[in-house]
Amino acid sequence: MQKNDYRFDTLGHDLSAVDSLRTWQDILDQLNLGEMPPAKKPRPEASELTAVVETLSSALREAYARHRGTGGKAVIRRLNRIELRNTLRDLLYLEGPVFRNLGMAKLEDGNGNGSVSRNTVDPIRDFPGDELEEGFDTIGGRLVMSDFLLELVLGAAEECLALATHPAEKPDLETRRFAGHIRTEGPGGLESQSREFNRDFDAIYQRYREPGASSNGLGRVAPSRIVATGVGTAARYRITVEASAHHQRHPWGALIKSRQEEPMLLGLHVINGRRGGLNDGNPETEMLAEWPMIADGEPRTFSIETWLDATWLPWIGWENAPYDRGLGAAALVEEFLPAAFRPKPAGGATKEEREAYESDMARALFEGGYKGPHIRIYSLTIEPLPDAWPPKSDVFLYGATNEAPFVELVSGFARRAFRRPVAAEDVARYVALAEGERAAGRSRIEALQTAYMAVLASHRFLYLGGGDTGGRLDDFEIASRL
């Protein structure tokens, strides 16, 4: 007797048919829930029920895999947001921390009113997260396109074109060398006291704190003159640090818990001065290099070449330094130089008396010979490289001179953007756009950007092809996916 919608004498068993698949899934669900057979009706033994459930589960699992599969054929899909950013980076020769970092900037409440945003120049900062399937964000069926997303994509492309464009005359780039006291204020404690008694270097005694901790920039040496502004001009620079390491092995281990078996590691970082160059809470910082040091007290130089955005600057830290919030001159003098120690002024002491005490203890510590581990920084040099202007990105887009033909520039751009050779008639359409803009009075840069934006709006840029012959990828499509 038929009840409800199911007839088992007509039930199909071809699970490639969606209706059959859904019906068998409903049957399996009912068996798993114990709803069928109905209560007070004859029921199979548990072992029989288990065998049926296992058989159905296995068959359905295989059927779902076949439905999700493409039959071994590649399908077209768009670039996800990270791939888009990295592709724009490579296409336009963009440099800088935001393009080296593969992650996403975190949401921040910058003004304390509960309104959060990603305070960054990352071109994909406002993109929604790509949908995941089985943990992957590169599955074509999940990477949908919408007018909203297309607007974000074109906005990101415009921002990247602007970052790659440097229309100004070559700036007056000069080498800047910061020596003696590179950092001239803060953070207090041994580092500030050391500057008073050691005129030729900045010293690092403890490890810097991670972003979010508060220590007034302890353990960070950066040029105070540019700490709030950055280097001023985006370009490639050679950064050279002159430093020495002291007392890797030392007799003060009772108070200074350093790693005496490890080489002392000098770290070079860059940070966005716009957000506070020595601010512990500044999340926009990146390590560029880490150098093991020979702790013999001899000054040595360490160099690296890198791109610096205009508002960014370098800073130096001791990567495996000890950290003790209570470490100070008085505690060290009391323990290791007791003859020079005197007790802290009583609670009613004046500010002048307290400051004089701290200064006296620091003098006693440094004049008695500081035997604890530390790194000395003698100089920091920021040198623009000879080929720093105009940047490679600008030469690629607009040519080394204003005489490069539109067809040459647009052809090279389209070939790289589409990741394959481009037919002459296709290039001609984009060139015509640029020439039309130029004839209408737009500048050479504006005219070329119109053509470039048209290229970047094409599906040939935004999508990875699925193959033109039955889903079989050609060599260019394989290379693009790799």
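At its relative accessibility, which does Trp252 count as, buried or exposed?

Mentor: Trp252 counts as buried, since its relative accessibility is 4% (buried means under 20% relative accessible area, exposed over 50% and partly exposed in between, with a 1.4 Å probe and protein chains only). The model is predicted, so local features need pLDDT of at least 70 and side-chain atom pairs count only at pLDDT 80 or more, while totals for chains, interfaces and linings use all residues. Residues are numbered from 1 along each chain as its sequence is written, and side-chain values use heavy atoms, with hydrogens and water left out.

The aromatic surroundings come next. Rings of Phe, Tyr and Trp (its six-membered ring) pair if their centres lie within 6.5 Å, with planes under 30 degrees apart counted as stacked, over 60 as edge-to-face and the rest as tilted. The count by this rule is 13 aromatic pairs. In one of them, the ring centres of Trp252 and Tyr370 are 5.3 Å apart with planes at 80°, so this pair is edge-to-face. Trp252 sits in the loop between strand 4 (235-246) and strand 5 (264-272), and Tyr370 in the loop between helix 8 (351-367) and strand 9 (374-384), so the pair ties together parts 118 residues apart in sequence. (Helices, H or I of at least four residues, and strands, E of at least two, are DSSP runs numbered from the N terminus.) Tyr370 also counts as buried, at 10% relative accessibility.

Both residues belong to one aromatic cluster, which is formed by Phe197, Tyr205, Trp252, Phe336, Phe366 and Tyr370. Phe336 leads on to helix 7 (residues 329-336), whose buried residues are Ala329, Ala330, Leu332, Val333 and Phe336. These cover an arc of only 165° around the axis, which puts them on the same side of helix 7 (the arc is that of the directions from the helix axis to the C-beta atoms). The buried residues of helix 7 pack against helix 6 (189-197) and helix 8, where contact means heavy atoms within 4.5 Å.

His246 counts as buried at 10% relative accessibility. Not counting residues up to four places away in sequence, His246 touches Met264, Ala295, Gly297, Gly372, Pro373, His374, Arg376 and Tyr378.

Buried residues make up 41% of its 482 residues.
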